[in-house]
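Here is a set of questions and answers on one protein chain. Look over the fold, then read on.

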Amino acid sequence: QNLVKNHSSGAISFQLQNSNGEPQTAWEDMTFNLITSSETGEFSLDRQNWAKTSQVVIPSGAGQATFYYKDSSQGKPVIGIKETPDRGWIEASQQLNVAAEGQFFEISVISPQVAGRAFTAQITAKDDEGNIDRSYSGTLDIYPKYINPAIASRVFTPSDANGFSEGVLNLVLTYPDCGLIQLAAQDRNDATKKGISGQVLFVPAKFMVTTDGVQQIVSKPFSLSVTALDDNDQATPNYLGPATLVPIAINPAAVSGGSLTPVTLETVDFQNGTAQASASYDRWGTVDIEAHDSASPAQKGLIEGVFFGPAGLSLSLEAPPDRDFYYAGETIQATLSVLDANKRPLSNFVGPVSVLATPELPLPEVFQFTEADGGQKPILFSASSAGNYTLKAQASAYNLSVETQPFKVKQATIEVLSSVAPVGTTEVEIQIIDESGKRITAENKLMVQILFTEEDPNNSLILSSPGKPILFRNGLA
């Protein structure tokens, strides 16, 4: 409202609402503190019989209350309403304009409003004393005064009005844009007769969210576009944000720790009501991507069914100790991983990956990943014969495959070189040979335990270190 110094405002009402702006009813008598930023402002519950107060009560079963305000100082005080005791509710506030001289029209509009949606402004004609001019019957030109952004081009519909009754006009208007504005009125035939409302915030009715495709790769940047729309699905070029982006898990229905970046689209991101962003999401599965106004979460929109799949596979072998081959019968460990675009295991991946060995090895044909695997599965196997082998993993649903470098398997045999020795102390040499009879000189880690049997069991054989493991050096022990 616009006020004159030392004159009471019109009735100021406040309403209980839920987080979606829907009216609510008090379940008990509720007390509210009346607050003003002006040191000279005061409140009353009766305009005619002014009695200064700092509180107002919404009785049980009611949903709103009314009070009046006046101020002895010119300025733009902000008044507010806060429940007592504190229940953690959002405080209601409104800026008033206290002028040194009266305005011919008092204009009351509730803030915020939704762009493109009809709302009602009450315009009251005033005489020189600040009382209702019940005889006024002129025509008004209606126009916006832009505050933030300060430059705009959209206008009210209608842009003029008449039909005052007893000095009051309840005018239904629409404004097809976002931003902070004031509603101004001027008599068409007398430019000195003007009025202006308090500041009114217009928020989007909804958002349109689009991407460069509904098939995306986990952790790989993709193009995301968010446009603020009015109630008629038209862009609102003055929307400045901020808007919040939220991934809504669809399949799987619950996702732990997933994040969509960026989280917020700031003012600098919006041009003509649209923000273009490079976004990424770090979990596997299908999500809806929602955008909502950060201050008014009920104003929202989304794109449905964006699927994020793996970027690749990894299949690695654990290297044998100090050699470039494995022995037949030796346990070999491989790790199969499903990766995102940053080559990290996809922690919540679920699905089959097939593994094929050439030549054939005793492996399951399909490894079924669950969320508990964290995107990685160990594979344990062994080869029963010598040869050069490869492993190939495939995720056919994503057209992904990976193949190991060929790895060598040798058939090893331990051979006793000394078959005859004189009676007495002697040394026995043992070597390890491959399938072609060649000593495996790369072997320096293998330890064996020497066992013996006597052809004539007369206990004539004595080992210097019975049961002690023997270490091969260059394939010889």
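This is a predicted model: local features need pLDDT of at least 70, side-chain atom pairs count only at pLDDT 80 or more; totals for chains, interfaces and linings use all residues.

Q: In S5, which residue is the bridge partner of Ser44?
A: S4 also pairs with strand S5, residues 52–53. Two bridges join them, and the run is antiparallel. The S5 partner of Ser44 is Lys52.

Q: How many helices and how many strands are in the protein?
A: Both are DSSP runs numbered from the N terminus: helices are H or I of at least four residues, strands are E of at least two. By that count the protein has zero helices and 42 strands.

Q: In what order do the strands of the sheet with edge strands S6 and S9 lie?
A: Four strands form this open sheet, and the pairing is antiparallel. Its edges are S6 (55–58) and S9 (92–95), each pairing on one side only. The twist averages 25° from one strand to the next, with axes fitted as lines to C-alpha atoms and angles running from 0 to 180 degrees between N-to-C directions. The order is S6-S3-S8-S9.

Q: Which residue in S6 is the bridge partner of Met30?
A: Strand S3 spans residues 30–36. Four bridges join S3 to S6, antiparallel. In S6, Met30 has as its partner Ile58.

Q: Which residue in S35 stands opposite Ser337?
A: Three strands form an open antiparallel sheet in the order S30-S32-S35. S30 (312–317) and S35 (376–381) are the edge strands. Six bridges join S32, residues 332–339, to S35. Opposite Ser337 stands Gln376.

Q: Is Asn272 buried or exposed?
A: Asn272 sits in the loop between strand S26 (270–271) and strand S27 (274–281). Buried means under 20% relative accessible area, exposed over 50%, and partly exposed in between, with a 1.4 Å probe and protein chains only. The relative accessible area of Asn272 is 60%, so Asn272 is exposed.

Q: Which residues does Asn272 contact, leaving aside neighbours within four places in sequence?
A: Contact means heavy atoms within 4.5 Å. The C-alpha atoms of Asn272 and Thr227, 45 residues apart along the chain, are separated by 8.7 Å. With those sequence neighbours left aside, the contacts of Asn272 are Thr236 and Pro237.

Q: What radius of gyration does the protein have?
A: The radius is taken over C-alpha atoms, and the globule rule is 2.2 Å times the number of residues to the power 0.38. A compact globule of 477 residues would come near 23 Å. The C-alpha atoms fill a box of roughly 140 × 45 × 35 Å along the principal axes. The protein has 41 Å.

Q: What share of the 477 residues is buried?
A: Among contacts between residues at least 6 apart in sequence, 61% join residues at least 24 apart. Buried residues make up 39%.

Note on methods. Residues are numbered from 1 along each chain as its sequence is written. Side-chain values use heavy atoms; hydrogens and water are left out. Two strands pair if DSSP finds at least two bridges between them.
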